Every structure is written in structure tokens, then in C-alpha cells.
Amino acid sequence: MPCTHLAQAERFAHPAPSSRDLHTPCTCSPTPPEATRGSRTPALARGPRPRVAMTTLTHRGRRSEAGGSMGKRLDGEEERDPEDDDSKGTRLTLMEEVLLLGLKDKQGYTSFWNDCISPGLRGGILIELALRGRIQLEPLTARKKRLLDRKVHLKSDAPTGDILLDETLRHIKATEPAETVQTWIELLTGETWNPFKLQYQLRNVRERIAKSLVEKGILTTEKQNFLLFDMTTHPVSNAAEKQRLLKRLQEGVLERWAGDPHRMERRTLALLVLAHSSDVLENAFSSLTDDRYEAAMNRTKEVLDADPEVEAAKSRGTEMIWAILAAFNKA
């Protein structure tokens with residue numbers, strides 16, 4: 001799937017405890033003296049409060065209450081890593097992170113010569129849906145062992161709240177028979193000779209992602225004149241968010257590097273793969289010193305040169321990430 005087959009129209013379309021009435025007297029017992037106006041008894045004069053023993057049932061009840069909301073999470077849907085720096089700021093999708101890496105801060109557009117970012121964004125959509133527990137690869141069989149031979153199956157059609165993700169989810173749900181990862185990247189990009197499959201193309205993806213980043217206060221919208229035409233651009237308005245993103249990716253292969261991609265946070269691993277596939281990885285490491293840049297690139301190469309089939313077999317939670325890498329390696 002060559003990157004140069006990008007639809008020309010998209011290249012220039014570049015670019016959140018209920019209160020109680022404490023003064024209502026209880027009807028089942030008289031109002032205590034200390035609640036009467038003008039007669040406040042000192043706290044020490046009231047005597048010690050009785051201690052309630054913490055039984056096993058109390059512990060179990062508290063645990064069940066704390067986990068009640070987590071029980072509503074879809075099976076397989078990822079939880080945000082509390083140590084992830086990005087969780088302390090605005091939560092971004094993988095597509096938004098890739099586009100933010102590719103955008104020039106002041107100019108507000110991606111490189112005109114980058115034809116790889118379009119399929120890279122489509123790969124990000126598939127990984128995002130997998131991490132949210134909406135899709136998965138079909139189980140291994142004797143005839144279908146390779147990642148690129150296994151079809152993408154719908155796991156849940158619950159809306160995600162993101163327009164692009166939900167649109168893709170509807171396409172996957174309506175497609176029979178199911179398609180492979182590589183085929184879905186081609187269909188979502190519009191790289192198909194089948195006229196009946198053109199309905200699956202996602203249009204104006206970069207512009208829609210940029211508008212989402214504008215709504216989140218990370219980008220702004222401007223108009224720039226390029227001699228023969230005017231183009232909408234989206235310069236970075238919140239540099240702190242982009243720096244937080246760069247720091248997370250850099251630390252993933254430097255300070256937090258453990259010598260094993262499976263010990264990386266899944267979203268960081270996915271972003272590393274997508275940044276490489278979208279040809280924006282250089283932007284993430286360009287601010288590093290020479291020594292740190294070389295170390296970051298060597299460790300990144302170690303991850304990208306790994307065998308996707310072997311790595312996917314080690315952890316089912318990262319199958320879609322390695323399948324996307326395998327698809328771009330084959331292209």
C-alpha cells in the first residue's frame with residue numbers, strides 16, 4: 001500500500017456527593033443540644049466518638065462500591081495509566097497525537113511532501129478502537145496464523161463519542177464478510193478499485209481531527225494565502241500540551257526504557273509505531289541532544305525491527321498494534 005496513493009483533496013485540508021440539608025432536624029430523634037443555636041459544646045467535652053470495627057464485610061463492601069463504576073467499563077477496554085503524563089492533561093486520541101506531531105507549530109500545517117500521514121491516521125483509528133475494546137482480530141486458527149490474514153471482528157458497537165471512531169465502527173459493523181487490517185487501511189484511505197467500496201472512505205480526516213484539537217484548546221484556526229489559493233491552517237496555541245506529548249514519547253524510549261516493548265505503556269508503543277508509519281517520528285526526537293537522539297533512534301529501531309508475529313503472540317492486548325506495523329512493513 002504505497003503512501004503516494006493519497007487522495008489529493010486531503011493533502012491541503014489540514015489542518016471537552018449530592019448536597020444534603022444539614023439543618024433539617026431528624027424526625028426519629030430529638031435535636032441534640034449542640035445543634036441548638038447559641039449552645040455549642042466544645043469538641044473535647046463531647047467525649048470520644050466510638051470506633052467502629054472494620055470487618056471483612058465492610059472492606060468487601062467498600063471495594064465493591066469503588067469498583068462499581070469500573071464494572072461498567074467494556075470488557076477489554078483499556079484504563080488510563082495513572083503514571084502517564086498525558087493523563088494529567090487533555091486526553092487525546094492516537095490520531096490527534098499523530099497529527100499534532102506532524103503539524104508545524106507556527107505554520108499550522110503538515111509537510112506537503114508527507115504522503116504517509118493519511119494511511120497512518122487510519123491505522124491510528126483501528127488501534128484506538130482496539131484499545132477501547134470495540135474491535136479485535138479474529139482468533140488464531142490453523143489456516144490463519146499470520147496477523148495480516150486474520151480479519152477484524154466487531155467486539156462492541158457501543159459509541160465512543162468520537163465522530164471518526166464511530167463512523168469507522170459503523171463501517172466495520174456493516175461489512176460482511178469481515179476484512180483484514182491491511183484492507184481496512186486501504187478502504188478507509190480510499191485506495192480501492194472497487195467502486196462499491198468507496199463508501200468506506202473517510203473524508204477530510206486531517207481537517208476533522210484538527211477541528212477536534214481546536215475544540216480542546218490545543219490548536220487555533222487561521223487563513224493563509226498561498227499565491228493562488230487560501231488555505232485553512234491550525235497553528236499550535238497550547239504549546240504545553242504538545243511538549244507533554246513529546247516528553248511522553250521521548251521518555252518511553254529513554255528514561256522509562258526497560259529493554260522490552262511489552263513493558264512500555266500500550267499507548268506509547270502504539271504512538272511510536274504510528275509516528276514511524278506516518279513519517280513524523282523525526283519531529284518527536286529533533287529537540288534532543290545528539291547523544292539522546294542517537295539512543296532514542298536506536299531503541300526505536302529495535303522496536304520497529306522486531307517480528308510483529310512473535311511480539312503479538314506474547315500479549316493479546318497489543319495484537320492490533322503489531323498488526324498495523326506488519327501492514328505498513330508490507331506496504
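Visitor: Which residues of H7 are buried?
Guide: This is a predicted model, to begin with. In it, the buried residues of H7 are Val181, Gln182, Trp184, Ile185, Leu187, Leu188 and Thr189.

Visitor: Which residues have a positive phi without being a glycine?
Guide: Asn204 is one, at about 55 degrees. Asp279 is another, at about 60 degrees. Most residues other than glycine have a negative phi.

Visitor: Where do they lie?
Guide: Asn204 is in the loop between H7 and helix H8 (205–215). Asp279 is in the loop between helix H10 (266–277) and helix H11 (281–285).

Visitor: Exposed or buried, that Asp279?
Guide: Asp279 is exposed, because its relative accessible area is 54% and the cut-off for exposed is over 50%. Asn204 has 42% relative accessibility, so Asn204 counts as partly exposed.

Visitor: Which peptide bond is cis?
Guide: The one from Glu176 to Pro177, with omega near 0 degrees. Pro177 sits in the loop between helix H6 (163–174) and helix H7 (181–189). Most peptide bonds are trans.

Visitor: New topic. How many salt bridges are there in the whole structure?
Guide: A search finds 16. Side chains of opposite charge can pair when their charged atoms come close.

Visitor: What does Glu97 pair with?
Guide: Arg248, with the closest N and O atoms 2.5 Å apart. That pair links distant parts of the chain: Glu97 is in helix H4 (residues 94–102), Arg248 is in helix H9 (residues 239–253), and they are 151 residues apart. Both Glu97 and Arg248 are buried.

Visitor: And Glu128, what is its partner?
Guide: Glu128 forms a salt bridge with Arg267, the closest N and O atoms being 3.0 Å apart. This pair also links distant parts of the chain, from helix H5 to helix H10, 139 residues apart. Glu128 is buried, at 0% relative accessibility. Arg267 is buried too, at 1%.

Visitor: Which residues are linked with them in a network?
Guide: Arg132 joins Glu128 and Arg267 in a network of salt bridges.

Visitor: Where do Glu311 and Lys314 lie?
Guide: Both are in helix H13 (residues 308–314), three residues apart, about one turn of the helix. Glu311 counts as buried at 9% relative accessibility, whereas Lys314 is exposed at 53%.

Visitor: Which residues form a nonpolar patch on the surface?
Guide: Leu227, Leu228 and Phe229, with about 410 Å² of accessible area together. Leu227 is in the loop between strand E3 (222–226) and strand E4 (229–233). Leu227 is exposed, with a relative accessible area of 80%.

Visitor: Last one. What pLDDT does the protein average?
Guide: It averages 80, and 73% of the residues score at least 70. Over residues 4–73 the pLDDT is below 50, and this stretch has 52 contacts in the model beyond near neighbours in sequence. Residues 79–87 are also below 50, with 24 such contacts.

Conventions: Residues numbered from 1 in each chain as written. Heavy atoms only, no water. Patch = residues over 30% accessible without salt bridge, like charges linked within 9 Å, V, L, I, M, F, W, Y side chains within 5 Å. Areas by Shrake-Rupley, 256 points an atom, 1.4 Å probe, with all protein chains shown as cover. Salt bridge = Lys/Arg side-chain N within 4 Å of Asp/Glu carboxyl O. Helix = DSSP H or I, 4+ residues; strand = E, 2+ residues; numbered from the N terminus. Buried < 20%, exposed > 50% of the residue type's maximum accessible area, 1.4 Å probe, protein only. pLDDT = per-residue confidence, 0-100. Contact = heavy atoms within 4.5 Å.
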